[in-house]
Amino acid sequence: MTSRPLFKVALAGLVLLVALGVVWWRGADRADDAGPPPPVAATPSTATASNAAVAPPPAAHAGPREEIPLPGCWDGLAALDQSATLESLHAAVASAIQARDTALVAYLQERLTELVGKDPDRALQLVAWAVNAAPPEPAIYLEALKAAPAVRHPRVTEKLLAVAENKSLFTQDRAAVLDALETQHHFTPETRGRIKAIALDESADSAAWVATRTLGRVMKEDYERTGTYAPYWKDLLDIGTTSDDTAVRLLALEMPSYSNPLLDSDSIDTLAKVMRTDKERDVREMAAFRLAVTEDPQKALAAYRAAFDGEQDLCVRWAFLRFAVRAAGADALPLVEEFARKDPRLRQDYLDFKALYASGTTDFARIWMGKKEHHDCVVEEGAPH
């Protein structure tokens with residue numbers, strides 16, 4: 001059994017090590033690993049001149065006792081921290097990658113973010129290293145930049161866009177650069193147009209998908225800050241109706257789900273067409289889901305009605321029914337009854353919704369919690385379930 005004095009001393013040593021910022025836990029599976037080569041020394045040490053763990057006095061009684069291991073630390077890390085420059089951290093990242101020390105890499109990435117701060121010149125240096133380095137270094141520099149305020153400087157934004165548009169780069173590298181733009185607070189019309197062009201580029205592959213997500217995430221940021229979503233949504237709606245990539249179309253229609261703005265009446269016409277004509281079931285369902293949050297519920301109901309007869313897939317018809325209820329609440333029950341008459345497989349759904357609203361419940365989230373599932377249909381991410 002561990003003695004209480006030993007525990008207190010060990011705990012005090014641990015607190016001291018954490019306070020000095022030099023604690024590095026090492027898993028048992030890495031006990032034989034060599035640490036990173038210089039500039040961070042590779043030999044773990046539990047006692048240094050700046051942070052020695054005080055050893056407890058020998059126990060008064062003989063016999064075996066449980067020892068609490070103390071974490072090691074990397075010699076030289078404190079000195080590196082105190083005099084850190086972009087160049088020294090750059091070298092340390094390469095060393096940590098070579099040593100496969102993921103914990104140290106993560107720490108150095110955070111330090112790069114701190115060191116870049118609001119400085120656009122330092123930010124551009126990270127971009128240059130990312131463009132010229134071999135994996136996994138580019139991802140480290142771009143993630144560090146993404147978290148720094150300097151990423152929103154016009155010169156940095158322009159550089160990232162130019163790299164993302166470079167078709168000579170691997171699509172994965174272009175995608176990583178686009179991902180670094182997701183922390184922008186606002187996109188100008190020109191920037192949106194350039195990112196939209198990447199999203200619609202058939203040759204962009206994964207970069208097209210990330211470009212679409214980037215538009216959606218900045219839309220969410222701008223909407224939460226200023227209430228602006230319409231310009232982004234117009235671009236996303238264009239992507240969702242014209243891209244040849246099913247995954248891109250699906251994502252474009254899904255992105256407003258994360259901020260849920262009330263869609264304008266004009267959007268209903270476009271989404272209604274998607275529900276009637278898109279060749280992919282998932283996209284038709286996503287259009288139905290997107291249509292459920294609108295400033296014109298009655299027009300949405302008319303769109304569901306117009307799409308129902310031409311739809312043969314039960315799961316899509318079920319999507320039309322449940323999202324009609326989400327759009328208009330109890331006012332949708334006459335339409336739901338109509339759907340149930342046309343397709344008896346939906347009759348129990350009508351009876352369920354009718355009983356739930358008759359009980360006095362009006363909030364759709366509570367209605368949905370009380371609704372039983374009668375169909376073997378996968379509900380798309382973002383949809384209520």
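Residues are numbered from 1 along each chain as its sequence is written, and side-chain values use heavy atoms, with hydrogens and water left out. In this predicted model, local features require pLDDT of at least 70 and side-chain atom pairs count only at pLDDT 80 or more, whereas totals for chains, interfaces and linings use all residues.

A search of the whole structure identified 29 salt bridges, a salt bridge being a side-chain nitrogen of Lys or Arg within 4 Å of a carboxyl oxygen of Asp or Glu. One of these joins Lys146 to Asp179, with the closest N and O atoms 3.1 Å apart. Because Lys146 belongs to helix H6 (residues 137–146) and Asp179 to helix H8 (residues 171–179), the pair ties together parts that are 33 residues apart in sequence. Helices here are DSSP runs (H or I, at least four residues), numbered from the N terminus. Lys146 is buried at 16% relative accessibility, and Asp179 is likewise buried at 12%; buried denotes under 20% relative accessible area, exposed over 50% and partly exposed in between (1.4 Å probe, protein chains only). Lys146 and Asp179 also belong to a network of salt bridges that links them with Glu182, Arg213 and Arg217.

Two further salt bridges were examined individually. The side chains of Glu285 and Arg281 are paired with an N to O distance of 2.8 Å. Both residues lie in helix H14 (residues 281–291), 4 residues apart, or about one turn of the helix. Glu285 is buried, its relative accessible area being 2%, whereas Arg281 is partly exposed at 27%. The side chains of Asp343 and Arg345 form a salt bridge with an N to O distance of 2.8 Å. Within this pair, Asp343 is buried at 4% relative accessibility, while Arg345 is partly exposed at 47%.

Ile140 is located in helix H6 and is buried, with a relative accessibility of 7%. Apart from neighbours within four places in sequence, Ile140 is in contact (heavy atoms within 4.5 Å) with Val93, Ile97, Val105 and Gln109. The C-alpha atom of Ile140 is separated by 9.3 Å from that of Leu126, 14 residues away along the chain. When residues up to four places away in sequence are not counted, Ser267 touches Trp233 and Leu237.

The second largest pocket has a volume of about 190 Å³. Among its 13 lining residues, those closest to the centre are Pro154, Thr157, Gln184, Thr188 and Thr191. On a 1 Å grid over the protein atoms alone, a pocket is an open set of points where a 1.4 Å probe fits, with protein on both sides within 12 Å along at least five of seven lines, and lining residues have an atom within 4 Å of a point. Grid points are joined across faces, edges and corners, and the volume is the space filled by probe spheres set on the points. Helices H7 (154–164) and H9 (189–199) each provide at least two lining residues, and H7 supplies the largest share, 4 residues. By class, the lining comprises 3 nonpolar, 6 polar and 4 charged residues, where Ala, Val, Leu, Ile, Met, Phe, Trp, Tyr, Cys and Pro count as nonpolar, Asp, Glu, Lys and Arg as charged, and the others, Gly among them, as polar.
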